[in-house]
Structure formats: structure tokens, C-alpha cells
Amino acid sequence: MTMISVQDAQTIILDLVTSLQETETIELDQATGRILAEAVTSGLDFPYWDNSAMDGYGVRFEDVNQGDTNQPITLKIVAEIPAGIKPEISIRSREACRIFTGAMLPDGVDTIIIQEKTQKQGTQVIVLSPPQYCGEFVRKKGNFYQSGDILLSAGTKINEPEMAILATAQCSQVKVYRRPRVAILSTGNELITTTEKLEPGQIIDSNQYALKAFIIKNGGIPISLGIVKDEPALIKQKILEAINTADFVLSTGGVSVGDYDYIDNILLEVGGEISVDSVAMKPGKPLTVAKFDNGCVYFGLPGNPVSALVGCWRLVKLALDKFSGIKGEHKPQLITVKSAHDLSSQGKRETYIWGQLKPVNGEYLFSLAKGQQNSANLINLGLTNALAMLPIGVTKIKEGETVTVLML
Ligand SMILES: Nc1nc2c(c(=O)[nH]1)N[C@H]1C(S)=C(S)[C@@H](COP(=O)(O)OP(=O)(O)OC[C@H]3O[C@@H](n4cnc5c(N)ncnc54)[C@H](O)[C@@H]3O)O[C@H]1N2
Ligand code: MOO
Ligand SMILES: [Mg+2]
């Protein structure tokens, strides 16, 4: 076993992974969370045409810019323009049109006076105070986006804002990368499912569920391969099945130094090339990463529930993002915040301490999860949204001091 730094493991893992090339075309309403496989442009300008930003009156700036409260200007209302129609008239000098938010400007109008600054008198409108500038409250055609420019680049994840952009560009279908297929395998003689009766010595397979949630949250398709006993022939069979059906495999358990820890040997036996087998992180030290000729990347995560998740959050996530086609630098989301509690580490491995980032008096504080920080203690993981990271050599961070935090 060669223990390498977390940073080196990250570099090796990202080098192993190539970005997906296969794409599919899907309906826009199915596209949330997917990754665009091509740049999106539109043949439309945005705004599509000059339109009013307010309810009020459309005027010619030259008619009203001289007026003031003592000598208000009066204009003749010659039309009413609601949103949704193409105005057929042209506004001439000393004329105005009643207009509403979002309505297209008629010819001649270059400025909007909001109705609060006017007084209507029959068919006339008195402009009580002049506009600040020509074009006030007008949303000009093409001001936000001009036809042909790139709206969204390939490799962009589609969230709420991108959905709105794609809709406004009338992309009713979008070309996205296919989702990564990720197999999950729990190894261990002691494991039972959530529906079996717990007998002495057994443990319920929680990793299967934790990893499934991690994969779904990160845009992958989980393939649950269930529990496999610590028997080399059975593990071998499951691993072969996994690497032939998935892009990534996440197994838990069997990667340490115990007599029943078979994963590494079996990976070698079935042709895996192991490039990582131990990482100087706590929890999560035993981590085996292997690549197969068909491109499948195998992550043999440790069995301890927190160790397995920390490995996913810190390292597997970056690999999954890169493989999924997300463009940009793949690096952990680290920020510096104050710690609300004393944090401690043995200082030998890069230590990840689970807890919560909470806004307190306008700034984020890292709050340590109550209870034991023990890699077998999944109970106090609830509501974890961040991991404080203590580098090798740092044994203590006091309450109120700054700490680097990995946002989840
Ligand atoms: N002599 C040494 N012993 C251990 C070392 C070491 O360096 N020297 N490393 C320890 C560390 S650190 C970790 S982490 C664990 C990793 O062990 P394995 O990956 O081999 O995992 P297992 O032995 O199979 O199980 C460990 C632990 O996790 C529980 N477990 C396993 N699978 C699940 C599951 N699907 N859901 C919930 N819990 C699971 C299992 O019952 C064990 O308690 O090794 C240390 N040992
Ligand atoms: O690395 Mo183990 O994950 O310390 O419990
Ligand atoms: Mg073990």
C-alpha cells in the first residue's frame, strides 16, 4: 500500500477520467440537471422588440423633456397598447399612447412615463415631471442578447436559470450528454437489507442508499447491485457484471488489510489497473481506484459509512462531474469561514470533520456535528452540508478561528 495525498489522488483520478461524448436529444421539460452537449444560440434578439418596462404612457422624449412641475406638458392620448399586440399607429409630436408593462412600443415612442408621474384628464395626459433621459423605462430590442451570440455553452448544467433561457430561445428539445451509469455494490458477510431481521453481529446495508442518493444528486443513473458476501468467487462475478454494465463502479467494504478484504486482488485478477490504493485522508484512507480497458473506472470505497461518503464527496464527485461533460476546472468547492467550535485532528492525515455551514449574523459559521466524529457513526451525519478540512500537521482549530470548508 502506498499512501498518497488527497491532492495527488485527485490529480490521478481526474487524469483517469475522460469526458463523455455520447449525447441524446431530450424534451426541454425533462432537461433539469442535465449537461448541454452543444452551445445554444438563438435567431431571436432579446428583448424581442422595444417594449415598455412599466405601466404608463409612451411619449416622444423631445416633447416632454422641457416640462417641469410648474409647467407640466399635456399630450393627447391617441391609442391604448396592451401587451401582446403589434401597434399599428405611429405617435406624432404632442401625442402619447397609454401603454402597459411588456407592450411593444409603437413607432415614434422612445420613452415611457410611469403613470404615477402623470395625471389623466379625459383624452389628455399631463406629464407631471419629465423623464430622466430618452429611453427611460424602455426595454430595447437586443439589449440583453443579440441573435447569433452564444446563449449557453456546451458543458453547462441545466438548472432553473438555464431552463428559462432555453425556453425563451424556444429550444423545445435539447442535446445533452447521456447520464453516467454508476453501479453500486455493497460487500460484507455482515450486511443485511433494510427489510431483513437484524441478527446479532449483522449490520444493515446503509451504504447502498447513501451512494444511490449521491449518484442521483450528481446526475448519474444508479445501478444497484445489492449485497455480495465476502467470497472471492461471488465478488469476482459481481465486479465483472458491474464493470460491463456501468461507466463507474462504487463498491464499499473489503479494501483494507483484513483477511476478508478481497477487492484489490480481485480487481487485479479481472484486469483492473490500480492507480490509487490508499489516501492520506481521515476518514476514507483505504480507497482503491482502478481502470479497466473498456474505460470503466472502479472506486473501491471503505465500508465505514462516513468514510465511503467522504470519499464520494471529496473525490468521486470531481470524477463524475468531469465524466458527465461539465466544463471547467474540476476542483473541490472550498471556502474559508469561522468555526463555531473547537476542531481537532491527530494531524497525520488530511482530516474531514462533518457539520453544517450556517448563516449567523450575516456570515457563515462552521458548526460541528454533535456527537462522536467516528467513521462508523452515520447517525450524526444528518443535515451535514459541509466538511471542515484540517490539513496534515494541523491538530487544532479554536472556536472563532478560520477553517477551510468543503461545501457539499
Ligand atoms: N489493521 C487495520 N485495520 C483497519 C485499517 C488499517 O489501516 N489497519 N483501516 C481502517 C479504516 S481507516 C477503515 S475506513 C476500514 C475500511 O475497511 P474496509 O473497507 O475493508 O471495509 P469493511 O472491513 O468491509 O467494513 C468496515 C466497516 O464498515 C461497515 N460496513 C461495511 N459495509 C457497509 C455497508 N454497506 N453499510 C454500512 N456499513 C458497512 C462494516 O460493518 C465495518 O464496520 O478499515 C479499518 N481497519
Ligand atoms: O479512513 Mo477510515 O475511513 O479512518 O475510518
Ligand atoms: Mg475490512
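**Close-up views of the ligand sites**

View 1. Look for Asp 261 in the loop between strand 18 (248–252) and helix 6 (263–269). Helices (H or I, at least four residues) and strands (E, at least two) are DSSP runs, numbered from the N terminus.

A quick note on what you're looking at: this is a predicted model, where local features need pLDDT of at least 70 and side-chain atom pairs count only at pLDDT 80 or more, while totals for chains, interfaces and linings use all residues. Residues are numbered from 1 along each chain as its sequence is written, chains are lettered from A and ligands numbered from 1 in the order in which they are written, and side-chain values use heavy atoms, with hydrogens and water left out.

**View 2. The surroundings of ligand 2.** Around ligand 2 you'll find Pro 283, Gly 284, Lys 285, Pro 286, Asn 304, Ser 307, Arg 349 and Ser 375, each with a heavy atom within 4 Å of the ligand. This shell splits into two nonpolar, four polar and two charged residues. Now for the polar contacts (pairs of N or O atoms within 3.5 Å). The side chain of Ser 307 puts an N or O atom 2.4 Å from an oxygen atom of ligand 2.

**View 3. The surroundings of ligand 1.** Ligand 1 has 23 residues around it, and the closest are Glu 190, Asp 205, Ser 256, Lys 285 and Gly 303. Glu 190 brings a polar side-chain atom to 2.7 Å from an oxygen atom of ligand 1. From the backbone, an N or O atom of Ser 256 lies 3.0 Å from a ligand 1 oxygen, and a polar atom of Gly 303 is 3.0 Å from one.

Key: A polar contact is a pair of N or O atoms within 3.5 Å; within protein, one must be able to donate a hydrogen and the other to accept it, and residues adjacent in sequence count only if both atoms are side-chain atoms. Ala, Val, Leu, Ile, Met, Phe, Trp, Tyr, Cys and Pro count as nonpolar, Asp, Glu, Lys and Arg as charged, and the others, Gly among them, as polar.
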